[in-house]
Amino acid sequence: MLNVPDKSSADENTPISLGAQRSTITTNSAVPRPPTRRRRQGPEWIFFGCVMVMVALLSYGIGAMMTLNRNDSSSSSSTSTSNSSGAMNMSDSSSSSSDTSNVPLATVKYGDQPAAYKIDSDGAKHFTLTAEQVMWEVTAGHRVLAWSINGMVPGPKITVNAGDHVRVTFINHFPTATAVHWHGLEVPTAQDGVPGLGQKPIEPGQTFNFDFMVNNQDVGTHWYHSHYDDMEQETNGFYGAFIVNPRPGSPQLIKSDVEYDQFIGPWAAIM
Ligand SMILES: [Cu+2]
């Protein structure tokens, strides 16, 4: 069992943030009190919390391992026989379970290009994102199967202002279902791209129309990414920047000379 060491009176006066204990703490207790049963709940709950976190991490790890192993059978040989240049020698085999002979080569060289939009009659900024597989050139002559948005990795960079009405036509040309999650933005649950929680996956060939407001609390640097078979789709290209600038005319607290996005892709680590 847990053995709670005696605490100094200074410790006893320290506010404890666990709600259940708050009522037992007085502001000034000169007389040391014996530890009560309630006081022992602190470490026990922390211990319980740690166990839960460990279980969560473990299950995530197992999930990741299973996803990696799924591709292992076809990729292990190519990985072991490829050159020894480290980081890049693994990328040939990512997603190698799919036949890539029908996948077109990417027609652009760089990702994160500004996303084009048109203004709808109601004033909404209307973007079109198409999920499509392309062969993406990571280094000269070295192509990988990418789960791209609009044929580029990272996907196009969406930039809007707080107060904007945003509309996104999302077309799924992937061979499998997909979902897009607007990471960090407060959008309605039914548009937040969490299959099983408010939104169904977008099936191959389907189009989904997102329509939401971007408000002051959304100002900042965010991103969108796949929320379906993430280990495959997100890892292999389905992610992009979503920048929300303050309302035009609002005071600029931070003035930057240059702004750029940086994504660190895990391609090199996938076998
Ligand atoms: Cu996210």
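This is a predicted model: local features need pLDDT of at least 70, side-chain atom pairs count only at pLDDT 80 or more; totals for chains, interfaces and linings use all residues.

Visitor: Which residues touch the most other members of the largest nonpolar core?
Guide: Phe242 is one of them, along with Trp136, Ala146 and Phe170. That core has 35 residues.
Visitor: Which strands each supply at least two residues of this core?
Guide: β2 (125-139), β3 (142-149), β5 (165-172), β6 (180-183), β7 (207-213), β8 (220-226) and β9 (239-245) each do. The largest share, five residues, comes from β3.
Visitor: What do nonpolar side chains tend to do in general?
Guide: In soluble globular proteins, they tend to be buried together.

Visitor: Okay, zooming out. How many helices and strands does the chain have?
Guide: There are four helices and nine strands. Going along the sequence, the pattern reads α-α-α-β-β-β-β-β-β-β-β-α-β.
Visitor: And what percentage of the residues is buried?
Guide: Buried residues make up 24% of the 271 in the chain.
Visitor: What about contacts between residues 24 or more positions apart?
Guide: Those account for 69% of the chain's contacts with a separation of 6 or more.

Visitor: Back to strands. In what order do the four strands of the open sheet come?
Guide: The order is β4-β9-β8-β6, and the pairing is mixed.
Visitor: Which ones are the edge strands?
Guide: β4 and β6, since each pairs on one side only. From one strand to the next, the twist averages 20°.
Visitor: How many bridges join β8 to β9?
Guide: Six, and the two strands run antiparallel. As for who faces whom, Gly220 stands opposite Val244 in β9.

Visitor: New topic: where does Lys157 lie?
Guide: Lys157 is in strand β4, which covers residues 155-161.
Visitor: Why does Lys157 count as partly exposed?
Guide: Because Lys157 has 18 other C-beta atoms within 10 Å, and partly exposed falls between the cut-offs of 20 or more for buried and 12 or fewer for exposed.
Visitor: What is Lys157 in contact with, leaving aside neighbours within four places in sequence?
Guide: Its contacts are Asp112, Gln113, Pro114, Ala115, Gly240, Ala241, Ile243 and Asp261.
Visitor: How far apart are Lys157 and Ala241?
Guide: In sequence, Lys157 and Ala241 are 84 residues apart, but in space they are 4.8 Å apart, C-alpha to C-alpha.

How values were computed. Residues are numbered from 1 along each chain as its sequence is written. Two residues are in contact if their C-beta atoms, placed from the backbone, lie within 7 Å. A nonpolar core is a set of buried Ala, Val, Leu, Ile, Met, Phe, Trp, Tyr and Cys residues joined through C-beta atoms within 7 Å. Two strands pair if DSSP finds at least two bridges between them. Axes are lines fitted to C-alpha atoms, for helices over the stretch in contact, and angles run from 0 to 180 degrees between N-to-C directions.
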